Amino acid sequence: MAVKQTAGRDALGEFAPKFAELNDEVLFGQVWSREDKLSLRDRSLVTVVALMAQGLTDSSFRYHLTAAKNNGITRTEIAEILTHAAFYAGWPKAWAAFRMAKEVWAEESAEDAKAKHQSEMVFPIGASNDGFAQYFSGKSYLAPLSTVQVGIYNVTFEPGCRNNWHIHHAAKGGGQILVCVAGRGYYQEWGKAPQELHPGDVVNIPPEVKHWHGAAPDCWFSHLAVEVPGEGTSNEWCEPVPEETYKELRWCVLTYTQP
């Protein structure tokens, strides 16, 4: 069912009431509501192509792109639609349309990537890691798997996310074990070369060692964080990993891992 439109009345109700009425009641109220003749999805497709052909990539174009997305046109489909129309409407118009379409479908793209990452592992991604957000650069998620005997948590990092430098203190025993389960990430100890991590890798972190870990810039990453039992255990959170250092990290990893 078509959503009742009020944009005409809101913007031009006093200045041009008849135009506002035609826009809201006739165009959107009558034409768009004839779903038995043409579905909302197909009407969105036609409208997007018509606006693109005229080079009208303004706020109204964004509105209709959003409507197209809400009416079921996927990210893959809109890319194909604009590519096809480019040969008839013109290449510059297509470029302008693509720039706006990428923004409209950006959220869906992120959700698709998250769903794909989830499909690559048996452990849940979990909820937003809000309790420790202040110690992370970027967004992370936390899924408690075991909270008795030995604490085991699945920690998931969005692309580019990493935690601050930190230390697991312990009077006896203690430390942490990371078991990488999906994606690609990094681990680094203070004063040592960084390591690139892949599913199946295991990292043993002794107590009192300053370190950080997180995702690669272009990839989600998940690892199980296993708390090694000990006495007098505590975590000390230190400074964030500087953005400049993180951006250079991939080249450092490549350099240190070259045969």
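Visitor: Which residues in H3 meet which residues in H5?

Guide: Arg41, Leu45, Val48, Val49, Met52 and Ala53 of H3 meet Glu77, Ile78, Ile81, Leu82, Ala85, Ala86 and Ala89 of H5; contact means heavy atoms within 4.5 Å. By class, this contact has eleven nonpolar, no polar and two charged residues. Nonpolar covers Ala, Val, Leu, Ile, Met, Phe, Trp, Tyr, Cys and Pro, charged covers Asp, Glu, Lys and Arg, and the others, Gly among them, are polar. The model is predicted: local features need pLDDT of at least 70, side-chain atom pairs count only at pLDDT 80 or more, and totals for chains, interfaces and linings use all residues. Residues are numbered from 1 along each chain as its sequence is written, and side-chain values use heavy atoms, with hydrogens and water left out.

Visitor: Why are H3 and H5 called oblique to each other?

Guide: Their axes come within 10 Å and cross at roughly 40 degrees. Axes are lines fitted to C-alpha atoms, for helices over the stretch in contact, and angles between N-to-C directions run from 0 to 180 degrees. Angles under 35 degrees count as roughly parallel, over 145 as roughly antiparallel, 65 to 115 as roughly perpendicular and the rest as oblique. H3 and H5 are therefore oblique. H3 passes H5 in a right-handed crossing (near helix turned clockwise from the far one by less than a right angle; left-handed if anticlockwise).

Visitor: What makes H3 roughly antiparallel to H4?

Guide: The axes of helix H3 (residues 40-53) and helix H4 (residues 59-70) cross at roughly 155 degrees and come within 9 Å. That angle makes H3 roughly antiparallel to H4. The crossing of H3 and H4 is left-handed. Ser44, Thr47, Val48, Leu51 and Met52 of H3 meet Ser60, Phe61, His64, Leu65, Ala67 and Ala68 of H4. That contact has seven nonpolar, four polar and no charged residues.

Visitor: What makes H5 roughly antiparallel to H6?

Guide: Helix H5 (residues 75-89) packs against helix H6 (residues 91-104) at about 160 degrees, with the axes 8 Å apart. This makes H5 roughly antiparallel to H6. H5 passes H6 in a right-handed crossing. On the H5 side the contact includes Leu82 and Phe87, and on the H6 side it includes Trp91 and Phe98. The residues of this contact divide into ten nonpolar, one polar and one charged.

Visitor: Which are the edge strands?

Guide: Six strands form an open antiparallel sheet in the order S1-S3-S4-S13-S8-S11. Strand S1 (127-128) and strand S11 (202-205) are its edges, as each pairs on one side only. Two strands pair if DSSP finds at least two bridges between them. S1 and strand S3 (residues 140-146) are joined by two bridges, and Ser128 stands opposite Tyr141 in S3.

Visitor: Why is S4 largely enclosed by the rest of the structure?

Guide: Five of the six residues of strand S4 (residues 152-157) are buried, so S4 is largely enclosed. Buried means under 20% relative accessible area, exposed over 50%, partly exposed in between (1.4 Å probe, protein chains only). S4 pairs with S3 over six antiparallel bridges, with Ser146 opposite Ile152. Six bridges also join S4 to strand S13 (residues 221-227), where Ser222 is the bridge partner of Thr156.

Visitor: Why does Glu189 count as buried?

Guide: Glu189 counts as buried because its relative accessibility is 14%. Glu189 belongs to strand S9 (residues 185-189). Residues up to four places away in sequence aside, Glu189 touches Trp165, Pro206, Val209, Lys210 and His211.

Terms used. Helices (H or I, at least four residues) and strands (E, at least two) are DSSP runs, numbered from the N terminus.
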